[in-house]
Amino acid sequence: MKKVSVSEQGLVEKAKRHAAAVGVAMKESVTPLTATVFYPRERKKMPDNFRGYLLFDPEKCINCWECAFICPANAIQMKKAPAPNNRFYPTVDYGKCIFCHFCIDSCSGGALRTTKIHDVAYREMGEMLTLTEEMIEPPEIIREDKKSVEYEIEKDDLHLKRTREVDGLFVEPTPPVEIPMVSQCVDRASCLGCRVCEEVCESGAISSSSAEGVLEAEGVLRMKIDIEKCTGCGLCVKECSMQILRLVRRGK
């Protein structure tokens, strides 16, 4: 068998390679190229649009139920608040939540907002169901971080930029884009005249009196919606058993 000859490196070449290795070691000791974040002593800086733990402001909630309707994971359920409020507010099950934040995008009142909190721990699955009163204030977090870390790519290498400025976990809520909505009946012939929509309407926009209601030939009372009074809260849409009420843009 023919042996493959390997040329021996000269003394100068070996010295160069050793010097290069020592140089890399010294550089790594001063400015390491590691991608490791030493959590919890350090915390990665999150962008302002990071989809984290939810906070809720009941003063801004218009009780439209849109967050529960739009949640693809069925993680949001509406629970009735105690008297004298008697309104429905959201609860979030983080065991189901996929953090898509469709609920925040659809909240016309700006009652839901995001945070940069992502490290909430639970002992049991039942604790992941977060009640309304637990969403008003942020969870208690023991912070040990003294630095913030950001990822940077320089010359095709991943670097960590460390700063002594501690990253805040709360984001100023973005003012919601208000889209004026009104309730509209899409199938008047199917109306039962049950008057549930009239009872839940907080603005008095729905009426069924003989003066304002529309009485059909068969004797069934149809409801009338005053679009000037309607606030587009959607309560009547949620309560309609025949599902013939819809929220549409005002002016359509």
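Does leucine 158 count as buried, exposed or partly exposed? In this predicted model, leucine 158 counts as partly exposed, because its relative accessibility is 37%. The cut-offs are under 20% for buried and over 50% for exposed.

Leucine 158 sits in strand S8, which covers residues 157-163.

Helix H1 takes in residues 11-30. Its 20 residues should span 28 Å at 1.5 Å a residue. The end C-alpha atoms are 29 Å apart, so the span agrees with expectation. H1 is hardly covered. The count of buried residues among its 20 residues is zero.

The loop between H1 and S1 holds proline 40. A cis peptide bond joins tyrosine 39 to proline 40, with omega about 10 degrees.

Strand S1 (residues 42-44) runs parallel to strand S7 (residues 147-154). Three bridges join them. Arginine 43 has serine 148 in S7 as its bridge partner.

S7 also pairs with S8. Here the strands run antiparallel, and seven bridges join them. Glutamate 150 stands opposite lysine 161 in S8.

## The open sheet S3-S4-S6

Three strands form an open, antiparallel sheet in the order S3-S4-S6. Strand S3 (76-80) and strand S6 (129-130) are the edge strands, each pairing on one side only. Strand S4 (residues 88-93) is joined to S6 by two bridges. Aspartate 93 stands opposite leucine 129 in S6.

Glutamine 77 belongs to strand S3. Its relative accessible area is 36%, so glutamine 77 is partly exposed. Glutamine 77 and leucine 131 are 54 residues apart along the chain. Their C-alpha atoms are separated by 9.6 Å.

Asparagine 74 is not a glycine, yet its phi is positive, at about 55 degrees. Asparagine 74 lies in the loop between helix H2 (66-70) and S3. At 43% relative accessibility, asparagine 74 counts as partly exposed.

Arginine 195 also has a positive phi, of about 70 degrees, although it is not a glycine. Its place is the loop between strand S9 (181-185) and helix H5 (196-200). Arginine 195 is partly exposed, with a relative accessible area of 39%.

## Salt bridges

How many salt bridges does a search of the whole structure find? The search finds eight. One of the partners is lysine 116, whose side chain meets that of aspartate 48 at 3.3 Å, N to O. Aspartate 48 lies in the loop between S1 and strand S2 (54-56), and lysine 116 in the loop between strand S5 (112-114) and S6, so the pair ties together parts 68 residues apart in sequence. Aspartate 48 counts as exposed, at 53% relative accessibility. Lysine 116 is buried, with a relative accessible area of 6%.

Lysine 116 forms a salt bridge with aspartate 167 as well, the closest N and O atoms being 3.3 Å apart. This pair links distant parts of the chain, 51 residues apart. Aspartate 167 lies in the loop between S8 and S9. Both lysine 116 and aspartate 167 are buried.

Arginine 195 forms a salt bridge with glutamate 198. Their closest N and O atoms are 2.9 Å apart. Glutamate 198 counts as partly exposed, at 22% relative accessibility. Salt bridges that share partners join Arg43, Asp119, Arg143 and Asp145 into one network.

## Cysteines without disulfides

How many disulfides does the structure hold? The structure holds zero. Cysteine 197 is in no disulfide. The nearest cysteine sulfur, in cysteine 194, is 6.1 Å away. Cysteine 197 is buried, with a relative accessible area of 13%.

A disulfide needs the sulfur atoms within 2.5 Å. Cysteine 230 is buried too, with a relative accessible area of 10%.

Definitions and conventions:
Residues are numbered from 1 along each chain as its sequence is written. This is a predicted model: local features need pLDDT of at least 70, side-chain atom pairs count only at pLDDT 80 or more; totals for chains, interfaces and linings use all residues. Side-chain values use heavy atoms; hydrogens and water are left out. Helices (H or I, at least four residues) and strands (E, at least two) are DSSP runs, numbered from the N terminus. Buried means under 20% relative accessible area, exposed over 50%, partly exposed in between (1.4 Å probe, protein chains only). The expected span of a helix is 1.5 Å times one less than its number of residues. Two strands pair if DSSP finds at least two bridges between them. A salt bridge is a side-chain nitrogen of Lys or Arg within 4 Å of a carboxyl oxygen of Asp or Glu.
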